[in-house]
Amino acid sequence: MQNPIHFTALKTIWIKECTRFLRIWVQTLVPPAITMSLYFIIFGSLIGSRIGEMGGVSYMEFIVPGLIMMSVITNAYSNVASSFFSAKFQRNLEEMLVAPVSNITIILGYVGGGVARALLVAIIVTLVSGFFVELSIQNFGMIVITVVLTATLFALGGLLNAMFAKTFDDISIIPTFILTPLTYLGGVFYSITLLPDFWQSVSQFNPIIYMVNGFRYGFIGVSDIAPETALGVLLVFNIGFFVLAWWLLKRGTGTRT
Amino acid sequence: MTNALEIKGLRKTYRGGFEALKGVDLVVQEGDFYALLGPNGAGKSTTIGIISSLVNKTAGDVKVFGFDLDTQINEVKQHIGLVPQEFNFNQFETVLQIVVNQAGYYGVPRDLAKQRAEKYLNQLGLWEKRNDRARTLSGGMKRRLMIARALLHEPKLLILDEPTAGVDIELRRSMWDFLTRINKQGVTIILTTHYLEEAEVLCRNIGIIDKGLIIENTTMKRLLSQLNIETFVLDLAPSEVPPRVTSAEARVIDDHTLEVDVVKSAGLNSVFNELSEQGIKVLSMRNKANRLEELFVTLVEQGRKPKETV
């Protein structure tokens, strides 16, 4: 009796979330395509041609996986953060809270929406990159697992941010002051082997390094981090964030008085 | 008869120490139309918030149709439909999306949800607006949308927190008709309102909450029989002296109007006698309650009747 209820509720939340980001596609799907095109033109074609090879491939080929991952991270995070916070702010989250929807279902529904947007953006950016470089694929399974786990992780991160947020400013502070610096320092544009030893060690504490390198490994077969380590880190963070989100929702942090 | 709602020793202390509920005991029987009244900040919305699990209780027990809120929360939720005080739907979604999604949260399959949406949106006069975004609806339509949304999973207990706040009298009356109809079909209704005549017209039983405690819990008839004072408005003929009444509480509204609170057992004779002694003539008299309301409805209804043509 309960399982079909939860499945229907999950499907409803997921469809609602996808409808939301598709309804505002000009704000959600077009900007990443434009931004990434600019990155490809400026860093790939113009500057990249002077840099030469990195990791045994052209600079353009080297940065494409990182740029796709950057879009995935940003979109997964902002989708859930803004959608969940808006629902909380406008109080339409109460529609779910008064219904027999389990906390796990709420998390999966919102995160599912964030992952769907992130994957759609990843496909769009990948297609755009096709105009600039011929991408090779070394390990398709690794690409899929890494992108799904990364999108899930940052969707969970967005959810956690939205739970604690009290104003719209609160959901832009973390992306601006934490996420963006970590992404830019996460090996999107360079190999961490180029850094001095000290900064290489510091970089190991940046979780985005693992995602970008795991994803890049799937495309070019080269990575600064062992793929197993990258997947392990992703898995641990995902489990940790999920448990934390579930516990906070159960406690009613930011959702119940 | 089963109890639709049973509350024992319900307490709520908010962070910061404010004690909103100090041990509320309440029983609402199945099929009842129950009014929960009280001044602002009395604890009505907190009580409703706890029943519908939007507010965590500090202590006490809540049972809905025998299901315990602590141990059988999904069953409790499945039986309740909530119409909150504030519009809390997504203003950017269409009417149909809002109600169908709500049904989905209760596990109602999409096809069935669409059938029910047609039924309830039709009954509430919103079917034509089904593809309109919620933000484009008028205030009255938004209120009706809230009711339709709460009914999509066909709950046995409908809780309405000031459902007619800010709604014009004509629409309020049509909502009363609708609520009376679904109550007759077996839905137990708990209503909070600031319009006392609304509670008087609709509800059979009444609870009054104040400062976190139920101070009255009785039938509407019994409560009304306790009403000892009635207010009358007297239209006076022009007079050189201002009216002066000592036998009852009276207020001079303007040169021609006097408002008098009369104790039922005392009657109006003494007031008339005093005015007569002052040489003041009473031209007409009316009971203060609901006069304008009745007049407005009558005028609107008359205005809607098809006019005869020659």
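How far apart are the end C-alpha atoms of residues 23-252 of chain A, and what share of the span is helix or strand? The views below are of a predicted model.

**View 1. The annotated span of chain A.** In an unreviewed UniProt entry, residues 23-252 of chain A carry the feature "domain: ABC transmembrane type-2". The end C-alpha atoms of this span lie 30 Å apart.

**View 2. The contact between chain A and chain B.** Chain A puts 21 residues into the contact, and chain B puts in 22 residues. On the side of chain B that touches chain A, helix H2 (73-79) and helix H3 (95-105) are the elements that give two or more residues. The most comes from H3(B), with 4 residues. Sorted by class, this side of chain B has 11 polar, 9 nonpolar and 2 charged residues.

**View 3. Tyr106(B) and its surroundings.** Tyr106(B) sits in the loop between H3 and helix H4 (110-123) of chain B. Is Tyr106(B) buried or exposed? Tyr106(B) counts as buried because it has 23 C-beta neighbours inside 10 Å, and 20 or more are needed for that label. When neighbours within four places in sequence are left aside, Tyr106(B) is in contact with Ala99(A) and Pro100(A) from chain A, and with Gln78(B) and His153(B) from chain B. Lys77(B) is 29 residues from Tyr106(B) in sequence, and the C-alpha atoms of the two are 8.7 Å apart in space.

**View 4. The open sheet of chain B.** Six strands, in the order S6-S7-S8-S3-S9-S10, form an open sheet with mixed pairing in chain B. Strand S6 (80-83) and strand S10 (213-219) of chain B are the edge strands, and each of them pairs on one side only. From one strand to the next, the twist averages 15°.

View 5. Strand S3 (residues 33-37) and strand S9 (residues 205-210) of chain B run parallel and are joined by 4 bridges. Which residue in S9(B) is the bridge partner of Tyr34(B)? The partner is Asn205(B). Helix H1 (residues 44-51) of chain B lies across S3, S6, strand S7 (157-161), strand S8 (188-192) and S9 of chain B. The angle between H1(B) and S7(B) is about 145°.

Terms used: Residues are numbered from 1 along each chain as its sequence is written. Chains are lettered from A and ligands numbered from 1 in the order in which they are written. This is a predicted model: local features need pLDDT of at least 70, side-chain atom pairs count only at pLDDT 80 or more; totals for chains, interfaces and linings use all residues. Two residues are in contact if their C-beta atoms, placed from the backbone, lie within 7 Å. Ala, Val, Leu, Ile, Met, Phe, Trp, Tyr, Cys and Pro count as nonpolar, Asp, Glu, Lys and Arg as charged, and the others, Gly among them, as polar. A residue is buried if 20 or more other C-beta atoms lie within 10 Å of its own, exposed if 12 or fewer, and partly exposed in between; C-beta atoms are placed from the backbone. UniProt positions are given in the numbering used here, feature names are shortened, and annotations may be inferred rather than shown by experiment. Two strands pair if DSSP finds at least two bridges between them. Axes are lines fitted to C-alpha atoms, for helices over the stretch in contact, and angles run from 0 to 180 degrees between N-to-C directions.
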